[in-house]
Amino acid sequence: MKDTTGTILAVVSAVLVATALVLVFLWAPLEMTMKEVQRIFYFHVAVDWVGFLAFFVTLVSSILYLRTAARKWDIVALSSVEIGALFLTLGAMTGSLWARPVWNTWWTWDARLTTVAITWLVYLAYLMLRGAIDDPQRQARFSAVYGIVSFVTVPLTFASVFFLRTIHPALFAASTAAQGRMQFDTGLGSAKMGMTLTFCVIAFTVVYVTLLRMRIKLERTADRVARLQQELVG
Amino acid sequence: MSEIMGFKNAIFLVVAYGVFWVGTFLYVMTMSARQRNLEKDLEALEELVKKDK
């Protein structure tokens with residue numbers, strides 16, 4: 001059976017990511033202090049955004065699973081955690097490759113990096129613990145509760161740059177203006193940089209939707225295979 | 001000197017984008033391979049169920 005929506009999503013994702021690459025390398029201006037290596041920033045932020053979005057989708061799906069006990073929500077939660085863990089891994093790797101020339105170190109136990117590492121480990125544990133439970137209903141219930149509780153690490157990671165001492169740049173840092181009013185500073189020196197980043201975030205969100213759809217389809221097919229196997233044995 | 005440093009640092013940029021592409025590509029390829037295998041299993045099982053009936 002042909003999956004037209006899946007094909008359209010894949011093509012749109014490819015076009016958006018190709019356009020994002022053009023914007024990053026040809027349109028966004030060169031940052032004067034860090035030079036070329038600053039261009040890692042656009043994909044690094046977008047990839048981390050997808051990681052955290054994926055964990056938010058897991059949170060919502062887990063709540064919906066506990067309310068309805070419908071297998072579809074368990075599938076969405078599992079699929080989203082897997083993609084989130086992948087993207088957070090890629091985010092940490094790209095961040096590390098950015099940190100080496102800029103901070104002169106691959107990794108430092110700074111507040112933001114530490115909270116990201118905790119989030120990453122918590123969600124890897126989700127995947128491992130899930131695999132350790134045999135009974136499907138217990139597995140889904142346990143995963144849903146874990147998926148809700150573990151989301152605590154996501155706002156903690158965001159808040160870490162505001163409340164703790166960190167060398168990690170804050171993309172949307174609140175600062176007190178001369179008049180005493182709070183204002184938000186994006187930290188980007190040029191409007192073109194801001195637009196490029198926004199485009200990358202949108203492009204990667206579409207990539208996330210495409211991957212999520214693929215992963216859900218895979219889990220549904222696995223369910224059908226398991227059902228037929230049971231039917232034959234029974 | 002600054003140009004040499006800029007070139008040296010550009011390697012990090014290339015590797016970072018490379019890591020992203022390789023990671024995503026491997027994940028998509030793994031998913032596609034698993035999907036293909038499952039679809040083959042599904043077809044075989046459907047045949048068996050038909051014969052069984």
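The model is a predicted one. Chain A comprises seven helices and two strands, whereas chain B has one helix and zero strands. In chain A, buried residues account for 35% of its 234 residues, while in chain B 8% of the 53 residues count as buried.

**Layout of chain A**

- Read from the N terminus, the elements of chain A follow the order α-α-α-α-α-α-β-β-α.
- When contacts in chain A are taken between residues at least 6 apart in sequence, 74% of them join residues at least 24 apart.

**Packing of α1(A) with α7(A)**

- Helix α1 of chain A, residues 4–27, packs with α7(A) at an angle of about 155°, and the two axes are 9 Å apart.
- Because angles over 145 degrees count as roughly antiparallel, α1(A) and α7(A) are roughly antiparallel to each other.
- The crossing in which α1(A) passes α7(A) is left-handed.
- From α1(A), the residues that meet α7(A) are G6(A), L9(A), A10(A), V12(A), S13(A), L16(A), V17(A), A20(A), L23(A), V24(A) and W27(A), and among the residues of α7(A) that they meet are K192(A), F199(A), C200(A), V207(A), R213(A) and M214(A).
- Sorted by class, this contact of α1(A) with α7(A) has 16 nonpolar, four polar and two charged residues.

**Packing of α4(A) with α5(A)**

- The axes of α4(A), residues 111–131, and α5(A), residues 136–149, come within 10 Å and cross at roughly 165°.
- That angle makes α4(A) roughly antiparallel to α5(A), and α4(A) passes α5(A) in a right-handed crossing.
- On the α4(A) side the contact is made by Y126(A), L129(A) and R130(A), which meet Q139(A), S143(A), Y146(A) and G147(A) of α5(A).
- In terms of class, the contact of α4(A) with α5(A) has three nonpolar, three polar and one charged residues.

**The two sides of α6(A)**

- In helix α6 of chain A, which spans residues 153–163, the buried residues are V154(A), T157(A), S160(A) and V161(A).

**Contact between chains A and B**

- The contact between the chains takes 27 residues from chain A and 24 residues from chain B.
- On the side of chain A that touches chain B, at least two residues each are supplied by α2 (40–68), α3 (71–103) and α7 (191–233) of chain A.
- The most is given by α7(A), which contributes twelve residues to the side of chain A that touches chain B.
- By class, that side of chain A has 16 nonpolar, three polar and eight charged residues.

**L42(B) as one residue of chain B**

- L42(B) is found in helix α1 of chain B, which covers residues 2–52.
- With 15 other C-beta atoms within 10 Å, L42(B) is partly exposed, since a residue is buried at 20 or more such atoms and exposed at 12 or fewer.
- Leaving aside residues up to four places away in sequence, L42(B) touches T221(A), R224(A) and V225(A).

Key. Residues numbered from 1 in each chain as written. Chains lettered and ligands numbered in written order. Predicted model: local features only at pLDDT ≥ 70, side-chain atom pairs only at ≥ 80, totals over all residues. Contact = placed C-beta atoms within 7 Å. Helix = DSSP H or I, 4+ residues; strand = E, 2+ residues; numbered from the N terminus. Nonpolar A, V, L, I, M, F, W, Y, C, P; charged D, E, K, R; others polar. Axes fitted to C-alpha atoms, helices over the stretch in contact; angles between N-to-C directions. Parallel < 35°, antiparallel > 145°, perpendicular 65-115°, else oblique. Left-handed = near helix turned anticlockwise from the far one by under 90°.
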